[in-house]
Amino acid sequence: MAFTATQYLFKASVITATTANTVGSYTVPASTRGMIIGLTLANSATSNKMNYADIGLHDGLQAYFIANKTPIPPGGSVVAIGVEKHVLPTGGSIRITAYATSGLDAIATIVEIT
């Protein structure tokens, strides 16, 4: 059994206000499982606007939302509680969606188990 720790940075440069837009996603490769170690969302917008984000885990068939429209204050960050130590099956994924004009960064640390 091999373990590979990888950190993924999902960044949105332009997002339309009030419309949900996928910031980034990670899908577990074939013959692999992925364990989420941590997820942090940051509002790096240059304006003083609140940002909102959805966090969804997908097992390949069904979506499980961990958070819906989580508020992220200007210049602030939110550590997503409830996704750490979650194991995604082969073909499973994590998806981050934003509701703002710009500036949502999401950093996920995922260990791939082969």
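Is I110 buried or exposed? At 0% relative accessibility, I110 counts as buried. Keep that residue in mind while we walk through this predicted model.

Start with the whole chain. The protein chain has 114 residues, and 39% of them count as buried. The chain holds nine strands and zero helices. Read from the N terminus, the order of elements is β-β-β-β-β-β-β-β-β. Now look at who touches whom.

Begin at β3, which covers residues 33-43. β3 pairs with β9 in the antiparallel sense, over 10 bridges. Within this pair, M35 stands opposite V111 in β9. β3 also meets strand β7, residues 86-88, through three bridges, and the two run antiparallel. There, G34 stands opposite L88 in β7. Another partner of β3 is strand β6, residues 77-79. That pairing is antiparallel too, with three bridges. A42 has S77 in β6 as its bridge partner.

Now move to β4, residues 51-58. Six bridges join β4 to β8, and these strands run antiparallel. Here G56 has R95 in β8 as its bridge partner.

Return to I110, which is found in strand β9. I110 and M35 are 75 residues apart in sequence. In space, their C-alpha atoms are 5.5 Å apart.

What lies inside? The largest nonpolar core has 20 residues. Those with the most contacts inside this core are I36, L39, L41, I55, I94, I96 and L104. β3, β4, β5, β8 and β9 each supply at least two residues of the core. The largest share, four residues, comes from β9. There is a general pattern to compare with. In soluble globular proteins, nonpolar side chains tend to be buried together.

Strand β8 spans residues 93-98 and is mostly covered, with five of its six residues buried. I94 has a relative accessible area of 1%, so it counts as buried, the cut-off being under 20%. Which residues does I94 touch, leaving aside those up to four places away in sequence? The list is G24, S25, Y26, I36, L39, I55, G56, L57, L88 and I110. So I110 turns up again, as a residue that I94 touches. G24 is on the list as well. G24 and I94 are 70 residues apart along the chain, yet their C-alpha atoms are separated by 8.5 Å.

Look at E112, placed in strand β9. E112 is buried yet has no salt bridge. Why is there no salt bridge for E112? The nearest side chain of opposite charge, R33, is 12 Å away, and a salt bridge needs the charged atoms within 4 Å, so none forms by this rule. E112 does have a polar partner. A polar contact of 2.6 Å joins its side chain to that of Y26. Y26 is also among the residues that I94 touches.

Now go to the outside. L61 lies in the loop between β4 and β5. Is L61 buried or exposed? L61 is exposed, with a relative accessible area of 84%. The C-alpha atoms of L61 and G92 are 8.3 Å apart in space. In sequence, these two residues are 31 apart.

S31 is another exposed residue, with a relative accessible area of 64%. S31 sits in the loop between β2 and β3. Its backbone deserves a look. Most residues other than glycine have a negative phi. The phi of S31 is near 55°, a positive value in a residue other than glycine. K69 is a further case: it is not a glycine, and its phi is positive, at about 50°. K69 is placed in strand β5, while S31 is in a loop.

Finish where we began, with strand β9. β9 pairs with β3 over 10 bridges.

Notes:
Residues numbered from 1 in each chain as written. Predicted model: local features only at pLDDT ≥ 70, side-chain atom pairs only at ≥ 80, totals over all residues. Heavy atoms only, no water. Buried < 20%, exposed > 50% of the residue type's maximum accessible area, 1.4 Å probe, protein only. Pairing = 2+ DSSP bridges. Lys, Arg positive; Asp, Glu negative; His and termini not counted. Polar contact = N/O pair within 3.5 Å; in protein donor to acceptor, adjacent residues only side chain to side chain. Core = buried A, V, L, I, M, F, W, Y, C linked by side-chain atoms within 4.5 Å. Contact = heavy atoms within 4.5 Å.
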